Amino acid sequence: MRFTVDNSKQYLVLPYFKGAEDRDVRFYDKEEKLLTSLILEFREEGNREVFLPSSLFSKELIIDGPDGLEKLVRTADEKPFTPPHFTYHYTPDFGWINDPNGMHFRDGTYHLYYQYNPVSEKWNNMSWGHAVSKDMVTFREEAPVFLPKDDKWTIFSGSALNGEFAYTVANVKGERAFYQERRYSDDGYTFSDPEVIIPNFVSDERDPRLFTYEGRKYLLLWLNGNTFALYRESYGSYEMVNTFDAKDAWECPDLLQVGGKLFFTSADGFYFEAKLDEEGLHLISERKSMFLTKLPYASQSFTGTDDTYMISWLRALTPHLPTTGTMSMVRKVGYSDGVLTLKPVDALFSHFVLSREAKGEYSSSDEALYLVTEGSFEGTLFSKPFSYDSEKGLLSYGDEDVYMETSDRTLHIFIDHEITEISSGEWKNLASFENALKNEYDETIRLRLNDTVLKEYVWR
């Protein structure tokens, strides 16, 4: 059924019921041009409402969907206030998020884009969400910038460099097919019309990563399996230079320039030292990993910054929230003793103030903390067993055990409601965890420290 909506208010309000049947809904302007197609989940009654900025559509909007939808769609000038889900891990008000995309710094603002389903808590309708920050610590949600082209072609991951945005257009229905597009933007909010830069040729190729090296512009692309390709820009076009294999690595490539060296990274957190010459990109070291746990994924770095800063998607379920997934803290990438280091950005520490030092027994009910420990401890973190044996380097949380060796016996523990990120004293190891579910945990941290010194910093 087709119906027309006067979309002149600030928000288009759509129905949503978690777990309801998927229904295809198309959106047209008054000239019958297809603007986007979204898969909505809703019932005839009892739905919650999802608020999308009206600027994503047109003022005179035609909607083509199931019978009864016309009674559930409305417009509004305001949307209900949603308190932040986390204190210093970015999550939008509502929806599914995954891979970070197109992060860049421009005119005093850090832009973060991300894979996004704006109308459901599950993967679908892949779009680009958008958030901005002045310090890479707290981000403010903005309107999405790219919505699906239609009911088949959606917008997958990509990158940004000097106003050029490259991303994958993916066919999610029928025979798999992917191709690479680009748009230009001077402000990160408004974009030029799209143009194809790399057509489909092996079916799976995706996640274009733009970067510059020694005055030349390049693009990395995952092809399939463990194979990647390097392209070089020439007069606005991208020409393949070489392909290469990266052991066990796939998706979301990046090239980091740290400490005078080059490092190729993949979605899994694997990294290799690399060399780039006229013949292409070559991996020249064994595989290493940035992470001790599986929660972080699809890490990407910002462009337009003097130093290298990286953010990851955390594959958290957060079932008690109206969102699925969150972003990690932003970390500055360094290099020491043959490994990459991941230290939180300096601005994060300015948000914390020292509250107390503890020995023996420690407890807290605060859910936004930075703890520094110097030695072993055992106890519970929100009902899950939590311990560290500094002699063995064994860190245990719930049913996960990782070895986090540190020369100074120090751990940096960042707790933010449902997420805990833990680093060794030298920032060479990183373990990220999703905490116990809200409806299951005792909202306290209890640790037996013995002679270990713990410093507690609280968010201010």
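Select Asn 125 and show what surrounds it: setting aside neighbours within four places in sequence, its contacts (heavy atoms within 4.5 Å) are Ser 37, Leu 38, Ile 39, Tyr 116, Asn 117, Pro 118, Val 119 and Pro 148. This is a predicted model, where local features need pLDDT of at least 70 and side-chain atom pairs pLDDT 80 or more, while totals for chains, interfaces and linings use all residues. Residues are numbered from 1 along each chain as its sequence is written, and side-chain values use heavy atoms, without hydrogens and water.

Stay on Asn 125, in the loop between strand S9 (109–117) and strand S10 (127–133); strands are DSSP E runs of at least two residues, numbered from the N terminus. Asn 125 is buried, at 4% relative accessible area (buried is under 20%, exposed over 50%, partly exposed in between, with a 1.4 Å probe and protein chains only). A polar atom of its side chain lies 2.7 Å from the backbone nitrogen of Ile 39.

Next, pick Lys 18 and Glu 121, which form a salt bridge with closest N and O atoms 3.5 Å apart (a side-chain nitrogen of Lys or Arg within 4 Å of a carboxyl oxygen of Asp or Glu). Lys 18 sits in the loop between S2 (11–16) and S3 (22–28) and Glu 121 in the loop between S9 and S10, so the pair ties together parts 103 residues apart in sequence. Glu 121 is buried, at 10%.

Now move to Arg 26 and Asp 151, a salt bridge at 2.8 Å. Arg 26 is in strand S3 and Asp 151 in the loop between S11 (140–146) and S12 (153–161), 125 residues apart.

Finish with Glu 164, Arg 182, Glu 195 and Lys 217, linked in a salt-bridge network.

Key: Helix = DSSP H or I, 4+ residues; strand = E, 2+ residues; numbered from the N terminus. Polar contact = N/O pair within 3.5 Å; in protein donor to acceptor, adjacent residues only side chain to side chain.
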